[in-house]
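Here's a quick walk through one model, from a single ring to the helices and the pocket around them. Have the viewer open and click along.

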Amino acid sequence: MAPRVGLTTERLTRAGAELADEVGFEQVTVSELARRFDVKVASLYSHVKNSHDLKTRIALLALEELADRAADALAGRAGKDALVALANVYRDYAREHPGRYAAAQFRLDPETAAASAGVRHARMTRALLRGYDLDEPDQTHAVRLLGSVFHGYVSIEMGGGFSHSAPDTEETWSRVLDALDALLRTWPPAP
């Protein structure tokens, strides 16, 4: 079957990312995308293999977008300034693109993950941590801590979990980042 005129893998991936932002990443399917383009599902299979392939492509796009934003935000920054900049990239991206943010958490196979922008994320986070003078394995522990705190906070906030009490979430976010900076500067020695 010849590819439908105007449909490309990139166009379908971007449309899938937009769909994810509208209806949620878990709701993205090749069938739903076909409805958006008013075409038969079969006409999309010359561009994407199945819904898993589509979701993988959306995840790769989201990781690339996040890495580009993070690189721009981190340029010329160090220490706490870099920490806050990176944290805000994740939070802002999740607010602007909730479906894509969810896609960035999609489990990729090892080969795809190794070739993705996820590698850039890890490098940038480790570069940020060099300003805190952490050696291995503490640097890896710190990478995991930052990812957990950023993702955890953003997920709870987006789910409305902080909306029913004071103080304001902006104040809490700022205090969380202050606490992370203090922890990274005074990282406890291994037992």
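Let's start at Phe-25, which counts as buried because its relative accessibility is 4% (buried is under 20% relative accessible area, exposed over 50%, partly exposed in between, with a 1.4 Å probe and protein chains only). Before going on, note that this is a predicted model: local features need pLDDT of at least 70, side-chain atom pairs count only at pLDDT 80 or more, and totals for chains, interfaces and linings use all residues. Residues are numbered from 1 along each chain as its sequence is written, and side-chain values use heavy atoms, with hydrogens and water left out.

Searching the whole structure turns up five aromatic pairs (rings of Phe, Tyr and Trp, the last by its six-membered ring, pair if their centres lie within 6.5 Å; planes under 30 degrees apart are stacked, over 60 edge-to-face, the rest tilted). Phe-25 and Phe-106 make an edge-to-face pair, with 5.5 Å centre to centre and 75 degrees between the planes. Phe-25 sits in the loop between helix H1 (9-23) and helix H2 (30-37), and Phe-106 in the loop between helix H5 (98-103) and helix H6 (110-114), so the pair ties together parts 81 residues apart in sequence. (Helices are DSSP runs of H or I, at least four residues, and strands are runs of E, at least two, numbered from the N terminus.)

The 15 residues of H1 should span 21 Å at 1.5 Å a residue, and the end C-alpha atoms are 20 Å apart, which agrees (the expected span is 1.5 Å times one less than the number of residues). Buried residues in H1 include Leu-12, Ala-17, Ala-20 and Asp-21. The buried residues of H1 pack against H2, helix H3 (51-74) and H5 (contact means heavy atoms within 4.5 Å). Just after H1, Gly-24 has a positive phi of about 105 degrees.

Over in H5 you'll find Arg-100, which counts as buried at 9% relative accessibility. Skipping neighbours within four places in sequence, Arg-100 contacts Ala-17, Glu-18, Ala-20, Asp-21, Ala-62, Glu-65 and Tyr-93.

## Helix H8

H8 covers residues 138-158; its 21 residues should span 30 Å, and its end C-alpha atoms are 30 Å apart, which agrees. Among its buried residues are Ala-142, Leu-146, Phe-150 and Tyr-153. Their cover includes helix H4 (79-96), H5, helix H7 (118-130) and helix H9 (169-185). By contrast, Gly-147 is in H8 but counts as partly exposed at 38% relative accessibility.

Tyr-90, Phe-150, Tyr-153, Phe-162 and Trp-173 form one aromatic cluster. Trp-187, in the segment after H9, touches Leu-134, Asp-138, His-141, Ala-142 and Leu-145, not counting residues up to four places away.

## The largest pocket

The largest pocket holds about 580 Å³ of space. Its lining has 23 residues, with Leu-63, Tyr-90, Ala-104, Gln-105 and His-121 nearest the centre. H3, H4, H6, H7 and H8 each give two or more residues to that lining.A pocket here is an open set of points on a 1 Å grid over the protein atoms alone, where a 1.4 Å probe fits, with protein on both sides within 12 Å along at least five of seven lines; lining residues have an atom within 4 Å of a point. Grid points are joined across faces, edges and corners, and the volume is the space filled by probe spheres set on the points.
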